[in-house]
Protein chains: 2
Amino acid sequence: MATDAADLTPTTAPNAVTGVSDRLWSSVLAQEIPFLLARSRAVTSSEANRRLAEVDLKVRTYSVLSLACSGMKPSQRELCDFLDLDPSQVVALVDELQNRGAVLREADPKDRRSRLIVGTPAGRRLLRRATALTDKATQHTLNPLDSQEQEVLRDLLTRVCFQS
Amino acid sequence: MATDAADLTPTTAPNAVTGVSDRLWSSVLAQEIPFLLARSRAVTSSEANRRLAEVDLKVRTYSVLSLACSGMKPSQRELCDFLDLDPSQVVALVDELQNRGAVLREADPKDRRSRLIVGTPAGRRLLRRATALTDKATQHTLNPLDSQEQEVLRDLLTRVCFQS
DNA sequence: TATTGTTATACTCTATAACTATA
DNA sequence: TATAGTTATAGAGTATAACAATA
């Protein structure tokens, strides 16, 4: 399935579904939930990436920034586990945000190996701008669903993600 | 967000959520639908890839094979549009399946530029085995939802994907 | 002039292994 | 002996451009 790569998908046709190949939506593949999840994810993340370009962020850096500014002081290891990323990737993402002055690596008083990632005031300002952009992206891609349906979707997905 | 890469995630902890970083599930990021979509997609596609390895397929090749065997005779261009892939990627995927004798490129009587992708008998046999595997994967990852909830999820995702 | 499929190339993302400093 | 973070490197995935054949 497609990924973040399709950042340049035009807003007017975010899923590139319009046109000659609509007929394939009647295939059995199109009824399979894993396929629909992959497609929905591609649509939402490419739209979000497209908008986040305005503040020079992507969904991955946005996610790290959001957690850094949450007040929860996650360690890099926690970011790895929660975002399902390799340690080396988290190093790169945190480096990038730190170079921009958006986050800091704090010492962990309980474990000198560990680094706690926290947002700076500038990072929180950046996050506010970014959140406004991702909100708009979400509003756009989830437009077919009313707010109650969005709540249902959120609940169902949370339970799929957060299983034992 | 994470991707197919985590194919080796153990079955007993498909989302790697268990453990020390559960606390981050109370963050605002974890409430955002785009994040949940990305996470759900990572869980389902890595589980599917893990199982499809038994027949030496991945979700991408499985998708092409499924459409090829649908009887709908999609052109490569249609596969590009529908799967949101670059033409060059579809060439590679079809090449791989053709080398395995699973699909054929047929001439399009209406357009000599176009190649129609159709499954061979061997391809249909392969698809049957693959579908049994992906069904098991889906059953596993969607286990938290009952069948009615799965129907609701399918409907909501379809509407997100299939907007204007 | 535009489109389908193809090839070649570069770039991004991801996985793996090795290393350090701590535990 | 195991873990957190780091670095380096290779691989997979993806985007871009150019081309031939056809429309």
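User: What makes K73(B) count as exposed, partly exposed or buried?

Analyst: Happy to start there. This is a predicted model, where local features need pLDDT of at least 70, side-chain atom pairs count only at pLDDT 80 or more, and totals for chains, interfaces and linings use all residues. Residues are numbered from 1 along each chain as its sequence is written, chains are lettered from A and ligands numbered from 1 in the order in which they are written, and side-chain values use heavy atoms, with hydrogens and water left out. Buried means under 20% relative accessible area, exposed over 50%, and partly exposed in between (1.4 Å probe, protein chains only). K73(B) has a relative accessible area of 38%, so it is partly exposed. Its place is in the loop between helix 2 and helix 3 (76-83) of chain B, and its phi is near 45°, a positive value in a residue other than glycine.

User: Why is D56(B) put in its accessibility class?

Analyst: D56(B) has a relative accessible area of 56%, and therefore it is exposed. This residue lies in the loop between helix 1 and helix 2 (59-68) of chain B. D56(B) also has a positive phi, about 55°, although it is not a glycine.

User: And T120(A): what makes it buried or exposed?

Analyst: Its relative accessible area is 10%, so T120(A) is buried. T120(A) sits in the loop between strand 2 and helix 5 of chain A. Apart from neighbours within four places in sequence, it is in contact (heavy atoms within 4.5 Å) with G101(A), A102(A), V103(A) and L104(A).

User: How do you know that helix 2 of chain A is largely enclosed?

Analyst: Helices here are DSSP runs (H or I, at least four residues), as are strands (E, at least two), numbered from the N terminus. Nine of the 10 residues of helix 2 (residues 59-68) of chain A are buried, so the rest of the structure largely encloses it. Among those buried residues are Y62(A), L65(A) and L67(A). The buried residues pack against several elements of chain A, including helix 1, helix 4 (87-99) and strand 1 (103-107).

User: Why are helix 1 of chain A and helix 1 of chain B called oblique?

Analyst: Their angle is about 140°, with the axes 9 Å apart. Axes are lines fitted to C-alpha atoms, for helices over the stretch in contact, and angles run from 0 to 180 degrees between N-to-C directions. Under 35 degrees counts as roughly parallel, over 145 as roughly antiparallel, 65 to 115 as roughly perpendicular and the rest as oblique. The two helices are therefore oblique to each other. Among the residues that meet are L37(A) and T44(A) from chain A, and L37(B) and T44(B) from chain B. By class, this contact of helix 1 of chain A with helix 1 of chain B has four nonpolar, four polar and two charged residues. Ala, Val, Leu, Ile, Met, Phe, Trp, Tyr, Cys and Pro count as nonpolar, Asp, Glu, Lys and Arg as charged, and the others, Gly among them, as polar.

User: How do you know that C80(B) is too far from another cysteine for a bond?

Analyst: A disulfide is a pair of cysteine sulfur atoms within 2.5 Å. The sulfur of C80(B) is 18 Å from the closest cysteine sulfur, in C161(B), and that is therefore too far for a bond. C80(B) is also buried, at 5% relative accessibility.
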